[in-house]
Amino acid sequence: AGILNFCANNYLGLSSHPEVIRAAVEALEKFGAGLSSVRFICGTQSIHKDLEEKIAHFHQREDAILYASCFDANAGIFEALLTPEDAVLSDELNHASIIDGIRLCKANKYRYKHMDMQDLEAKLQDAQKHRLRLVATDGAFSMDGDIAPLREICQLAQKYDALVFIDECHATGFLGPNGRGTDELLGVMDKVTIINSTLGKALGGAAGGYTTGPKPLIDLLRQRSRPYLFSNSLPPAVVGCASKALDLLMESNAIAQSMAAKTQRFRSKMTAAGFTISGKDHPICPVMLGDARLASVMAEDMLNRGIYVIGFSYPVVPKGKARIRVQISAVHSDEDIDRCVEAFTEVGRKHGALP
């Protein structure tokens, strides 16, 4: 029956969607393979500007700026925005790219306990002496499949006059009624100031990232953000993919809404089988095993049964918290999900992870 991929970030299945592929081919033929230039020299084509407008429209923001990846977007924003007079408050489990981006800036750095609002409030109180305060968090955390408490974060930000930044790489396209992300899911689209996200996961799966938010911020990034200024512009084929993916999402929310039932099916069946699944209601479904070797040998046995998953262990995750991270996609059928659960149950019993 072939091998089923349960470890890709292809949440909506759009990387193999015929219309997305066709859009890439058309962009390649019309605009070429690439421009051999950064954006501010001769690297900007009409499709780049059109995609930025489309991203801003999708997120209901004023403007957007494209990067080669969201890692670059995260590397480029904090240094450009924050000065030594400012403060940034970061969740301790934020993605490595956020951590690296914050390291590049000269702002005063605070790290609050994972999704701990009491600790965040204490840090915000301490940061009142600084000119500007920015709370930075993943919308959905990629290792644990949990979702940031954005309502509470935004309430605290309003109370202490702070801005809110979210990384939506594991949310854009499928969280929320129309797939606009964590801020739509939790009803705070008007309270989040800055969104960074990717085109390389749900939105076509090729490459690319972006920042979207207030126009003055985007104007500042075009002048000051080093990864934008000194990286080649996105290849036309990638732009074509992402643009078509956004078109499909804005035409219908059916694909995004299909994710909830598939995710629930996997999580409930795995829990019933006796596994511990981290996170809640997110298609990232970490099967918690604890032991690094157990995660590795189980993943290998899963592949022998036609299910492609990967074991995660230290230093990617903390010691003693090894897991196999399963990711559900809109293109997984109910039969695919059941087959995955059956394989996990067999392998789990074989290796003593289940009674």
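Y308 is partly exposed because its relative accessibility is 37%, the term covering values between buried (under 20% relative accessible area) and exposed (over 50%), with a 1.4 Å probe and protein chains only. The model is predicted, so local features need pLDDT of at least 70 and side-chain atom pairs count only at pLDDT 80 or more, while totals for chains, interfaces and linings use all residues. Residues are numbered from 1 along each chain as its sequence is written, and side-chain values use heavy atoms, leaving out hydrogens and water.

Y308 belongs to strand β10, residues 307–308. Strands (E, at least two residues) and helices (H or I, at least four) are DSSP runs numbered from the N terminus. Together with I3, L303 and I310, Y308 makes a nonpolar surface patch of about 350 Å². Patch residues have over 30% relative accessible area and no salt bridge; nonpolar side chains (Val, Leu, Ile, Met, Phe, Trp, Tyr) are joined within 5 Å and like charges within 9 Å. The areas come from the Shrake-Rupley method with a 1.4 Å probe, and for residues only the protein chains shown count as cover.

## Salt bridges

How many salt bridges does the structure hold? There are 18 salt bridges, each a side-chain nitrogen of Lys or Arg within 4 Å of a carboxyl oxygen of Asp or Glu. One of them joins K123 to D119, with the closest N and O atoms 2.8 Å apart. Both residues lie in helix α5 (residues 117–126), 4 residues apart, which is about one turn of the helix. K123 is partly exposed because its relative accessibility is 21%, whereas D119 has 13% and therefore counts as buried.

Another salt bridge links D126 and K129, whose closest N and O atoms are 3.2 Å apart. D126 has a relative accessible area of 43%, so D126 is partly exposed; K129 reaches 59% relative accessibility and so counts as exposed. K191 and D190 also meet through their side chains, at 3.7 Å from N to O. Here K191 is partly exposed at 40% relative accessibility, and D190 is exposed with a relative accessible area of 65%.

## Cysteines

How many disulfides does a search of the whole structure find? The search finds 0 disulfides, a disulfide being a pair of cysteine sulfur atoms within 2.5 Å. C241 is in no disulfide, and the nearest cysteine sulfur to it, that of C169, is 17 Å away.

Is C241 buried or exposed? C241 is buried because its relative accessible area is 13%. C42 counts as partly exposed, at 46% relative accessibility.

## The sheet of three strands

An open sheet is formed by 3 strands in the order β9-β12-β11, with antiparallel pairing. Its edge strands are β9 (284–290) and β11 (310–312), each of which pairs on one side only. From one strand to the next the twist averages 30°; axes are lines fitted to C-alpha atoms, for helices over the stretch in contact, and angles run from 0 to 180 degrees between N-to-C directions.

Strand β12 (residues 322–327) and β9 pair in the antiparallel sense over 6 bridges. Two strands pair if DSSP finds at least two bridges between them. In this pairing, G290 stands opposite A322 in β12.

## The sheet of seven strands

A further open sheet has 7 strands in the order β2-β8-β7-β6-β5-β3-β4, and its pairing is mixed. Which strands stand at the edges? They are β2 (63–67) and β4 (108–112); each has a single partner strand, so one side of each is left without a neighbour in the sheet. The twist in this sheet averages 20° from one strand to the next.

Y67 stands opposite G209 in β8. T198 also stands opposite G209. Strand β7 (residues 194–198) is joined to strand β8 (residues 209–213) by 4 bridges, and these two strands run antiparallel. As for cover, 5 of the 5 residues of β2 are buried. Both faces of β2 are covered, with D63, I65 and Y67 on one side and A64 and L66 on the other.
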